[in-house]
Every structure is written in structure tokens, then in C-alpha cells.
Amino acid sequence: MESTRHRGIAGDRRTTRGRFAPTPNGPLHLGSVVAALASFLSARRARGEWHVRIDDVDVARTVPGAADAILFELERLALPWDGPVVRQRDNTERYRAALATLAREGRTFGCACSRREAGPGPYPGTCRNGSPGPARSIRMRADCIVAFRDRVQGDMTIDLAAETGDFIVHRADRVHAYHLAAAVDDGALGVTEIVRGADLLASTGPQLHVQRALGLPGPAYAHVPVATTAAGAKLAKSSAARPSAERPAADVLRRALAFLGHAPPGEIEDPAGLVDWGVRSWDCSRVPRVRKARVE
């Protein structure tokens, strides 16, 4: 399933371009709907485009049928996307070209370290000035500070050397790593804003570092609060979060809107009406930085 309905919005659609990029390892749950809805409302409020990218570069994590289920759920929730659905598995040559560019500029190096040898914290730089053995992965040099303004979380400063160290851009299993693939794809699509969950805030520094090294324009960011369970744990596919498809669409949207600080009026009952109200009402300043109330 590539694309079905694309409900347009009149006017200039070129100014803002947002995206939602789910991993097809299971169905959408309320936590992922919160991120998708926030991204959609922000782009549409700016009369911009909203695209969907399936982040399936890691084939081993892909669950058969999950991508189609995600797209059907977006349609059920009245969140139509623009253009064809992008699939990372089709972009291998693009990633190879980016890696080649980074290598030519001396920004990467081969790393012989296993995961155990690299350790749980920032990479210690073992292979930075020469690998003691055959390279298993490729790392990008990260000895800089990345600063950006987050529309929800405020001014952010990330010291890559202290927080991640030189990070992997091509894995030992020959899969292009998430930071590289996401940064390259966002640049290729011309994404101007990324609205996503605050659990991905730590990914922003490495991705901006990759984009700047490749001469790609960095998007604006807004990291919305993460939905949790009653016990305070993040809602996630890996923890068997309840699929949003098991609830009425209007109930899912109403919960997600309220979680984002935009509780809709009670008289709106249909999904399209709730989404349209959300577009008209969207104000990023109303989104809380941290949300203690659960959304499940």
C-alpha cells in the first residue's frame, strides 16, 4: 500500500514540510499517534505538506504487514499524507553516496570494536586514529557541540563528544545506521520541521551533525512529551502497548489532542472534525514540555 487519499490544503504548500517516520515493527499505539498527530497538525497549521516515511532500513526489525497496518490506521484517524510513501529500503544508494562523501572529507573511520568493547557510554575513541584490527563498523567523528532551538523544549546544547562520542553510521551487520539514514532522507525530502516524541531528543544532535557535514539544511525541531503507562513507563511496541486500532478513532484522537494540551470541545464527534479543529487550534506553545498524565 503506497498512497491512497491525499487531502490537499489550498495555498502555498512549499513553505513547511513535515514528516512522520514510523518503524514497521508493530501497529501504532497511542504514544505513536501523539507524535504523528502533533507532526500533522503543525505542518497543516502552516499550510504545509505532511509526508510519511517507513523507516525499514533495518530489515531484521520489520514485521510483515506492519507498514500497511500503519498506513491504514493513519487513514482511519483522518491523517492523510502528501505524495508517495517513502521507504528507506529503497534508498540504499543514497546512503552509500553520503558515506562516500563523509569518508572523502575525513569525517569517518573504520572501527574494529565490538559492542562490548565499545562500552555502554560515549565511544572512548579506541579506533579513532587507526583500527587495531579489521573494521567491523564505520563511525563518524563527533567532537563538536550542536546547539538548536526546540519549539517545545527550548534552547538545547548537545556536546556530542561527551554524550555519544564518535557514533556509528554503518553497522557491523552492513546496515546503514539510523542517524545517517534519517538525516539523509530528511534532507532529500526537503523536510523543514520535525515534530516527534521527546524520547528521540538525543538523536537530534547526531542527525544535525550528519546533515551539516553533508551540507544539508537542518530542519526546525519540536519534541513533544512522551506518552506513558499508568506505571510511568513509555508506551512502546516492544512493551506490548495496546494498538490504537482497537479503540474508536474519535476516542484515540480526543485522547491524543488532550495530551498535547489541545482538549477539543465535546460536541465534535467525528475523526475528520477533530483533526480539522486541531489544525485550526494548533499552538506549539500550548504543548507541555513534560506530561505527567498518562494517555493509555
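In this predicted model, strand S5 (residues 137–140) and S8 run antiparallel and are joined by three bridges.

The pairing of S5 with S8 belongs to an open sheet of three strands, ordered S4-S5-S8. Pairing in this sheet is antiparallel. In general, the strands of a sheet pair through backbone hydrogen bonds, and the pairing can be parallel or antiparallel. Strand S4 (108–111) and strand S8 (167–170) form the edges. Each of these edge strands pairs on one side only. From one strand to the next, the twist averages 45°.

Nonpolar packing was examined next. The largest nonpolar core holds 44 residues. The members that touch the most other members are Leu 37, Trp 50, Val 52, Leu 74, Leu 79 and Leu 260. The largest share comes from H1, with nine residues.

Leu 79 illustrates the contacts within this core. With residues up to four places away in sequence left out, Leu 79 touches Leu 37, Phe 40, Trp 50, Leu 74 and Val 275.

A second core is separate and has 27 residues. Its members include Leu 99, Val 146, Phe 148 and Ala 183.

Note on methods:
Residues are numbered from 1 along each chain as its sequence is written. This is a predicted model: local features need pLDDT of at least 70, side-chain atom pairs count only at pLDDT 80 or more; totals for chains, interfaces and linings use all residues. Side-chain values use heavy atoms; hydrogens and water are left out. A nonpolar core is a set of buried Ala, Val, Leu, Ile, Met, Phe, Trp, Tyr and Cys residues joined through side-chain atoms within 4.5 Å. Buried means under 20% relative accessible area, exposed over 50%, partly exposed in between (1.4 Å probe, protein chains only). Helices (H or I, at least four residues) and strands (E, at least two) are DSSP runs, numbered from the N terminus. Contact means heavy atoms within 4.5 Å. Two strands pair if DSSP finds at least two bridges between them. Axes are lines fitted to C-alpha atoms, for helices over the stretch in contact, and angles run from 0 to 180 degrees between N-to-C directions.
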